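Please look through the sequence and the model below before reading on. The briefing that follows takes up pockets, a sheet and a pair of helices in turn.

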Amino acid sequence: MGKPWGFDVLPGDARQTYMRKTLCELGFAVDAGASWPGRRALVLPFPCKNARAHMLKAAPLKAGDAVVGTLGEAERQEAAAQGVHVVDPAVDEAFAIANALPTVEGAIMLGIAHTAATLHGALVLVLGYGRIGSLLVHRLLAFGAHVIVCSREERELAWATAYGCHAVLLDALDGVLSLPSLVYNTIPGPVLDERRLTPLLGHAAVIELASAPGGCADDPRVIKAGGLPGKTAPKTAAEILCEAILRGLAKLPPM
């Protein structure tokens, strides 16, 4: 791709600070501003709740420039009308897989901090077996935990069984809720409603890893673990983001 791009990295969590440093080390201009003679990439905070507000505060982008982040459909259409490209790391599968690692390490840290016994020998329930769930299970098994995996997908349960877990279809979840001392939810949809969650919280720490609105009923005792990469491993998370951003920019048509 060369280095024709200048970057404006907007403030956010600690990832944004490390992104600025990483891009500088790679030889890119940071804080390029509207006077930058080449193409410019505006990097929104991760996550970004109001892309439009952030974009309005920044120096205007010109045709051929790029905005980096997750935009709503209206913002995407506005960008397209101005000839501005959108690079969204969230749709980059390689990014999602790499970003699962700091998420999982942070989740294990929370599990250790919120239980009174070791993970070794603990009975842990993991709801969902996607990118995060499967990697989390792998790490928990390495600690010596006994893991129950619950999923809607029989294929995922077959893999979980092959790795030594006890696998349960989601329809049979009620039959195992009395067992764990630690529960991780990675399913982004209603799973632990009030009927299930209230008794579960009496004997288990429940950690919500799914994206908003999550899969747990509203209860202050549930440990909300959104944005873990930016909280527990911001340097690594920033490097992963930079790699995804540069991959996305490299795919854009040349000027």
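Which residues lie nearest the centre of the largest pocket, and how many residues line the largest pocket? N99, I132, L209, A210 and S211 lie nearest its centre, and the lining comprises 43 residues. The model is predicted, so that local features need pLDDT of at least 70 and side-chain atom pairs count only at pLDDT 80 or more, while totals for chains, interfaces and linings use all residues. Residues are numbered from 1 along each chain as its sequence is written, and side-chain values use heavy atoms, with hydrogens and water left out.

**Pockets**

- The largest pocket holds about 1,300 Å³ of space; a pocket is an open set of points on a 1 Å grid over the protein atoms alone, where a 1.4 Å probe fits, with protein on both sides within 12 Å along at least five of seven lines, and lining residues have an atom within 4 Å of a point.
- At least two lining residues of the largest pocket come from each of α4, α5 (131–142), β7 (146–151) and α8 (228–232), and α4 gives the most, with 5 residues; helices (H or I, at least four residues) and strands (E, at least two) are DSSP runs, numbered from the N terminus.
- The lining of the largest pocket has 22 nonpolar, 12 polar and 9 charged residues, where Ala, Val, Leu, Ile, Met, Phe, Trp, Tyr, Cys and Pro count as nonpolar, Asp, Glu, Lys and Arg as charged, and the others, Gly among them, as polar.
- The second largest pocket, with about 230 Å³ of space, is lined by 13 residues, of which M55, L56, L61, E78 and Q82 lie nearest its centre.

**Sheet**

- Five strands form an open sheet in the order β2-β1-β3-β4-β5, with parallel pairing; two strands pair if DSSP finds at least two bridges between them.
- Because β2 (29–30) and β5 (85–87) stand at the edges with a single partner strand each, one side of each is left without a neighbour in the sheet.
- Strand β1 (residues 5–9) runs parallel to β2 and is joined to β2 by 2 bridges, and the bridge partner of G6 in β2 is A29.

**Helix pair**

- Helix α4 (residues 93–113) packs with helix α9 (residues 234–250) at an angle of about 175 degrees, their axes lying 10 Å apart; axes are lines fitted to C-alpha atoms, for helices over the stretch in contact, and angles run from 0 to 180 degrees between N-to-C directions.
- The two helices α4 and α9 are therefore roughly antiparallel to each other, a term for angles over 145 degrees.
- From α4, the residues A94, F95, A98, N99 and P102 make the contact with A237, I240, L241, A244 and R247 of α9, contact meaning heavy atoms within 4.5 Å.

Technical notes:
Angles under 35 degrees count as roughly parallel, over 145 as roughly antiparallel, 65 to 115 as roughly perpendicular and the rest as oblique. Grid points are joined across faces, edges and corners, and a volume is the space filled by probe spheres set on the points.
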